[in-house]
Amino acid sequence: MSETMTVSKQQIASKRGTLSTFWHDFRQRKVAFISFLFFVLLVILAVIGPYIVPFNPQTPDYNHVLQGMSQKHWAGTDEYGRDVLSRLIAGTRISLGIGISSVLIGAMAGTILGLVSGYFGKWVDKTIMRICDVLFAFPDILLAIGIVAILGPGLKNVIFAVAFFSVPSFARMVRGKTLEVKEMLFIEAEKSIGAKTNRIIFRHIFPETIPIIIVYLTMQVGTAILAAASLSFLGLGASPSSPDWGAMLSMSRDYIGTAFNLVFFPGLAIFLTVLSLNNLGDGLRDILDPKIKD
Amino acid sequence: MVDNELLKVKGLKKYFPISNGWFSSKEYVKAVDEVSFSVKKGETLSLVGESGCGKSTLGRLINGLIKADAGDIVFKGDNLAEASETKWRSYRKPMQMIFQDPYASLSPRMKIKEIIAEPLKIHDPSLSREEREAKVKSILEICGIDYYHSDKYPHEFSGGQRQRIGIARALILQPELIIADEPVSALDVSIQAQILNLLKKLQKDYQLTYLFISHDLSVVEHISDHVAVMYLGNIVEIAPREAIFEDPKHPYTKALLSSVPIPDPKLKRESIILKGEIPNAANPPKGCKFHTRCPLAMSICSKEIPIMKTVGDKQQMVACHLYQ
Amino acid sequence: MKKYIVKRILGIIPLLFVVSFLIFLFIHLVPGDPARLIAGKDADLQQINAIKHQLHLDEPLYKQYIDYMNNLFHGNLGESIKSKVPVSELIGERIVPSLELSLLSIAWAMVIGVLIGIISAIFKNRWPDNIGMITAVSGISLPNFWLGLVMIQIFSVKLGLLPTGGIETWKGYLMPSIALGAGIMAMIARFTRSSLVQTLKEDFIRTGRSRGYSGLTIVFGHALRSSLIPVVTVAGLQFGFLLGGSIVVETVFSFPGMGRLLINSIQMRDYPVVQAELMLFSFEFILVNLIVDLLYGFLNPKIRYD
Amino acid sequence: MHNLLNVNNLQIAFRKRKKSIKVVNGVDFGISKGEIVGIVGESGCGKSVTSLSIMRLFHDTSGEVVGGTIQFKEKDLLELSEREMRRIRGKEIAMIFQEPMTSLNPVMKIGKQLIQGIMLHLGLNREEAKQQAVEMLKLVGIPRAESIMNEYPHQLSGGMRQRVMIAIAMSCEPELLIADEPTTALDVTIQAQILQLMKKIQRERGTAILLITHDLGVVAESCDRVVVMYAGRVVEEATVEELFESPLHPYTQGLIESVPKIGNRKEELYSIPGHVPNPEAMPNGCKFASRCPYVMDICREREPQLVSNNNGRKQRCWLHQSIKEEERKTIG
């Protein structure tokens, strides 16, 4: 078998570990990589933001109301004289917190439902997919608005509402992938050696779905941040006094002719955050799920 | 039970429903229709036929990957057709499968030593780690893969090597019956020869019984003791190898044999080229299913289904009106 | 094809019933006594009972549902608690501008989106593609209400070209429809591109090239049709995005449409109006997706001829 | 020199992570009018890439011809502009592919797919083109040709689709038909029908056929002359009788030996040990050296040239050529 060995050694040389190839490919994608760095910065801000802000984001200062951009207040001050930049930094935690937590909840529920639905098929699948169909019959934001209308405004309810509407899309996607993997020969091979159902689902099918879950998760966090901001903007989300980006925009509407910085910066923060998540998701998809590349 | 008969299949049926909305009556694809045969220990029976003949379905039925609608699957004296999933699982130890596509049949995220140890973990959980590794090592070497490679992932191997890994996984539980579904059709000829030789060597060394599913008649001739020719869910002819290849009886077997291109330009034979295509399995012809393409069809062929009959003195069984 | 149409149409009937039932339950899902919530803190028992009676909350649930469905079939959506005007009248005033805005937005979004998608796919990985896709990913990431506010700042406040709100002239539709369509345009552009790029890799495209067809013949004569079939489905799903977006955008531009009515009603706890609006929005979405499904079947010969 | 097509020292490279990898390096062969030539080899030997390069069909892939000439009649195809090349594709050289299920446009009627090309290349009007199309469908043995014109590909079986593909390819009466594994995806009885059809076309219309296949049986039954490829090189060329009677190159010998033959059963098949070398790390010398039973020192050091023997046979093997002869050639 000496020839076999030489060939394989060459293959090894060209193919390093999976993780390092992934990192290498990822670094090659400049847009995705910069977006990733930006996202890391946001996460750091969300963690340490409240300790590094130049001004207290909540304390009013009626002597410096509605100031424009200056050396002292880079992004100006709002109608209570609070520093806009400080509020934006403090708001990172709220926006990312809502986005990430709601999507994680939705993704977990959706993934389990999708795996079960796809693997078992028949009536289990039919039931779960019919429920998803019903949820899909409501446009996303409308579903969230409906839920908030029932439960009342507030951050927790927004998280629940956004998590709720991301469940069916995760369930559908994971189900689709499960159906695809389930038909693959190596799953049949596992069955033919006598592997039990939960071993097949969790040890063999679930790992195959992880890449698309990661990709979708990234993009869905962006969608969730947008949705939560919309709800706050409509006055159905975070309390208007909190430094939530959506709520800040909502309050700033009255000053549109007079203090445009109040409108501009919170929106820019949302835009850049969601943009970085979408770019990151695109890059991850190109690497992790090359089938849907381009 | 006949002496040393390892597997016996009787009247096996599998109809796949095709859903056609709520209004039309249910239709079925008769993938396997009243199939019977038996395999002796240490022998190779090949199932041969074109796409849609039901040979792969038959292999999966026997391994219990899909449930039969009717009929018996008697393996080592036990009828498995009605068995529970748990009982099936215990019978998967002495009955293993090798698959066609060595690229797709190995879990892409497992190291090959994990892939090969997987059956041991399922059926022999009491084994210690060392014992398991020792077994993996010896089986890998038997199958011609250096243990040095066992930490690698399937994508790092070539097609032929992967098929060796698939064979190692099937062998590690020391099975008696191996169902091999087109094990060499995805491989290049030079690699195909290596794998066929390995399969034959293993059979000799471990008294394995093979159920060999293939569309390639030349491979079938090389490996089989008995051959069953299938057409649209039925076995049309089943006989010892020499009889099938030297004296085929059924017109379909004859046509199939003469369609195979022979790599020898001096042999300018008159080949029988069948007219038309394989009919839709959801709506097969009445009577003998082959009559629409048969060059020797008679009027009875479109009316009555021929039954299996022994013809000649070589245990040759044929389902054809020409011999009834 | 007939079978397909019948199947699709019959398929949505149970869905309509379930959705309508859920929305019927809506008012009962509100924690606490809805009548008390509606009446406000200072209301006495008599007022609460009056509201209960008005909403038929004092009747058994099944009877409420039957009445509700019966009324629904007769176009009776109840009465606003606040303004005492029939809900159908409230909606009737607003449905036309809302529909006009939706159709205008989806129309330009589809045309521009498909165009950008085609150009990007043809010039894959070259500068027109890069510009197209940067535009698209930005469009998806833009909060539509912010886009609206920024446009107001530029076109109304600074330049004074367009009204900040109202629909007295056609100009009133311009900015809302841009804010509403931008995201959809971006989604359609991305999807068209990836679908067309996929199609251009298909074997039958190679067949076309092996016959000597020019690049344009291949793209427009062979690839475009099969790649637009899935785009139709995506456009249908985007319609949901549009309905949701209209709620926000109408608020930004004080647009007299259904979306703003919904938000106002939620803020005023005018539950009959909220219920009717949710119902209408959902039915509209289901209907659009039914049309898309049928269109898909018509465009796809595999369905049309089986 | 052959009077239809001459491929000379063809070299094709693919880009992979900014590295250029030569997958075809040194392919020479030719086709004369009305002849069936087979290119045979295992997967990865470069046979399909070679056939695509004749049509210059590397559109979306990163493949590129980096050397050599492809002489078709008087023209070097590699020198032509894309516009000139388009007039050759489908008109003078046509091609059919392995996958009959996906090679036809799924959303276009069969008739339209046929007519389009006929109108483009032959300048016929729609009515005439339609007649020509029906005639072609009849030529390839499709029953009820008129009604098939109005059907979509998914309504036909695999064998029927391959017939339609052949009808499309033959519709402008090309002089050369390139068939890349045309029967690999088909069942044997259908394969026999398609091979018979191709031979009939060659006989009746005088079309030259370049048949790319991995199946030695198909080669033996259909071809006049055979080119054997290994690791991106032509290693042997001979008439079909000579090749199977007395293969010169050890690879050809091994290939023929390792195929099980009906009616000629052996206990053990001959098998070529080892694997094809990785194109990213080609060894020096003869590419078959590591698997060759007759390997000599020279084989590992220097790669032999494709040399024509007196009787017109060509081989690339040190067993059949001396270094002196080789050096004499390079000097001369």
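How many salt bridges count between chain D and chain B?

1. Two salt bridges (a Lys or Arg side-chain nitrogen within 4 Å of an Asp or Glu carboxyl oxygen) count between chain D and chain B. Lys200(B) pairs with Glu267(D), the closest N and O atoms lying 3.3 Å apart. Glu267(D) also meets Arg265(D) in a salt bridge, N to O 3.6 Å.

2. This is a predicted model: local features need pLDDT of at least 70, side-chain atom pairs count only at pLDDT 80 or more, and totals for chains, interfaces and linings use all residues. Residues are numbered from 1 along each chain as its sequence is written, chains are lettered from A and ligands numbered from 1 in the order written, and side-chain values use heavy atoms, without hydrogens and water.

3. The contact (heavy atoms within 4.5 Å) takes 42 residues from chain D and 41 residues from chain B. Thr189(D), Ile262(D) and Arg265(D) supply 21% of the area that chain D buries against chain B, more than any other three residues. Buried area is the accessible area (1.4 Å probe) that two parts lose on being put together, summed over both. Chain D and chain B bury about 3,600 Å² between them, 56% of it on carbon and sulfur atoms.

4. Over all chains the structure holds 52 salt bridges. One of them joins Asp181(B) to Arg60(B), closest N and O atoms 2.9 Å apart. Both Asp181(B) and Arg60(B) are buried (under 20% relative accessible area, 1.4 Å probe, protein chains only; exposed is over 50%, partly exposed in between).

5. Arg92(B) and Glu85(B) form another salt bridge, at 3.7 Å, N to O. Arg92(B) is buried at 3% relative accessibility. Glu85(B) is partly exposed at 36%.
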